[in-house]
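Welcome! Please take a moment to look over the sequence and the 3D structure before reading on.

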Amino acid sequence: MKIYLYFSFFLWAIFLKAQSPLALDSLEEKLGNEDPSSQVYVKILMAMSDELRQVNPDSSLHTATRAFNVINQHGYNELRASALHRIATAHNFLGNYDTSVVISFEAIEEGKKLSDKGPLMKALNGQAINFYYLNDLDKAAEYFGKCYDVALEEGDELEAANALQNIGLVKGILGDVTSEIENYQEARKAMVNLGFEEGVANIDMNIGTAYVSLRKFQEGLEAFEKAKVVFEKLGHQAALCVIHTNLAETNLMIGNFKKAEQNALLSISIAEELSLSNEKKYTLEILSRVYESLGDYRKAFSTLKEYQLLKDSIFQNEKLKQIEELKVAYETQQKEDDIALLNTSNELKDARIKQQRFFLILLIGGTVLFLVLVFTLHNRYKLKKKSDEEKALLLKEIHHRVKNNLQIIESLLSLQDRTKGDRKPEDLLKISQDRIHAISTIHEKLYQSETLKEINFNTYLKDLISHFSTSYAANEVTFKTKIEEVNLDLDQLIPCGLIVNELVTNSLKYAFDKTDNPVIEVSGETSDDIYILKISDNGCGFENSETNTSIGLKLVHSLVNQMNGMISKLKSEGTSYQISFKPQ
């Protein structure tokens, strides 16, 4: 179910407006005209930190820290809580949640000392968000509750309603949807008393979503309809777009296909008018399912095709947006550097004069040394040029490897599709994910390698087995590895990685249903210039395995042939294979 403004109050301390270059320019101009020791200067720095937060959190942190240093230097204690909160929030944006927690505690303690409890409520709300990202939802609910208590004491009904809605959200995530709805209802009463129609509509949207999750579709539809009436009155077209999307999906779930079609078409119409590509994409997928339910497969197919094209287009646009954001971040940093350069211009001039004198003395007294230096630099230039040529060749080789590996992945997916049988899509997806992971791990190791040509097989295998343990929750399976140190190039490492992936995953999935103390052994050693790789388990054996009908063994044999190697099944308690080949 699509959720409109589900986090609108929950993350109010973090999801601030995007950086405005004009606002930053204005703030920088004001900053240059203010006394660096004044409170106004500090407040401008904090406003700049807010502006920078989304696009350049490093600069936001730097600017907030500058403000905090001025506060400490001049004793502006009433501003400490606000500055600490901004520092903590910048750390949150950078993913430093533990650091943000510590600094938020400081901000809370400073906020308690103030008569104005606004900074305290922001710090409490920010701390709740930290715990949310740390997946400590009980703590998140606790600090939203503290924010609610302070808001009640201060008579701030809007902040209290926001906190209630946040508590409801956390309750819903914890699975207590009934309590979630109760909190939303109480928050809604406060919004009604305040006459805040938009807030009421937002809560109605969340209430509808919660009801639908309980499969109380009629109550959900009623809540969505209430929100729709308000947003129509306020002329909020973007909100109406999402309302109709939610109505379309809910009507689809209860079999009201015609209503679902009407709502979906209305949502798409608004999305096109407002250029809301993501909302249109989501609704197109719903409309495709509606047409499929109505038996109109032609429209279902064409709608699904339009959805896929829009999805691909959005992906490309997001990449371009990321590039533009990086450009803005760079320009912002450049402006900061210009300000710092302006503030220290006199010092730089003095430094240049001293530097010129130093070079003059060095030139007069070090002619011989200079000639030696020129000779050395010339040799280093030749070596660097040779190194650059080698790197260019290696880079071209990497591009070639990446292309080949993408073709391998494409072939594996195509083969999987042709032989999928009656297996579930999620099972097929998991198989493909494992194979792609086996190849991607090779590239990760390749880029960490000094030679960019070959990889230590032992190190690669340890990482691959660690992936099996995590992906299949195979904590009860004992992995034993004994791999002789050997470096393999990509032409052999990729087939080896895929062979180990196929045989180990088959053992994990099929071999141990009736086995106590399950063990998988992987060993590798060199004998007479031949590398021998063995993969064994102590499970039920090949005859009882479900792999007889899979493409796994066919793929393994094909990969062995690709390496000009040999494969044989060994007699053992469970299943054991030996692959031998000559390392290149």
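## Before we start

A residue is called buried when its relative accessible area is under 20%, exposed when that area is over 50%, and partly exposed in between. Please keep in mind that this is a predicted model.

## Salt bridges between helices

Side chains of opposite charge can pair when their charged atoms come close. Searching the whole structure turns up 15 salt bridges.

Let us begin with Lys280, whose side chain meets that of Glu306 in a salt bridge, at 3.6 Å from N to O. Lys280 belongs to helix 14 (residues 277-294) and Glu306 to helix 15 (residues 297-343), so this pair ties together parts that are 26 residues apart in sequence. How accessible is Lys280: buried or exposed? Its relative accessibility is 16%, and because buried means under 20%, Lys280 counts as buried. Glu306 has a relative accessible area of 34%, so Glu306 is partly exposed.

Another salt bridge joins Lys233 and Glu197, with 2.7 Å between the closest N and O atoms. This pair links distant parts of the chain, 36 residues apart: Lys233 sits in helix 11 (residues 217-234) and Glu197 in helix 10 (residues 197-213). Lys233 is exposed at 60% relative accessibility, while Glu197 is partly exposed at 32%.

Glu225 is partly exposed, with 33% relative accessibility, whereas Lys228 is buried, with 16%.

## Paired strands

Now to the strands. Strand 2 (residues 478-483) runs parallel to strand 4 (residues 519-527), and six bridges join them. Here Ile483 stands opposite Gly524 of strand 4.

Strand 4 also pairs with strand 5 (residues 530-537), this time in the antiparallel sense and over eight bridges. In this pairing, Glu525 stands opposite Ile532 of strand 5. What do strand 4 and strand 5 form? They form a hairpin with two residues between them, and Asp528 in the turn has a positive phi of about 55°.

## A negative patch on the surface

Finally, look for Asp116, Asp149, Glu153 and Glu154, which form a negative surface patch. Glu153 is part of helix 7 (residues 137-154). With a relative accessible area of 66%, Glu153 is exposed.

Terms used. Residues numbered from 1 in each chain as written. Predicted model: local features only at pLDDT ≥ 70, side-chain atom pairs only at ≥ 80, totals over all residues. Heavy atoms only, no water. Patch = residues over 30% accessible without salt bridge, like charges linked within 9 Å, V, L, I, M, F, W, Y side chains within 5 Å. Areas by Shrake-Rupley, 256 points an atom, 1.4 Å probe, with all protein chains shown as cover. Salt bridge = Lys/Arg side-chain N within 4 Å of Asp/Glu carboxyl O. Lys, Arg positive; Asp, Glu negative; His and termini not counted. Charge placed at Lys NZ, Arg CZ, Asp CG, Glu CD. Helix = DSSP H or I, 4+ residues; strand = E, 2+ residues; numbered from the N terminus. Buried < 20%, exposed > 50% of the residue type's maximum accessible area, 1.4 Å probe, protein only. Pairing = 2+ DSSP bridges.
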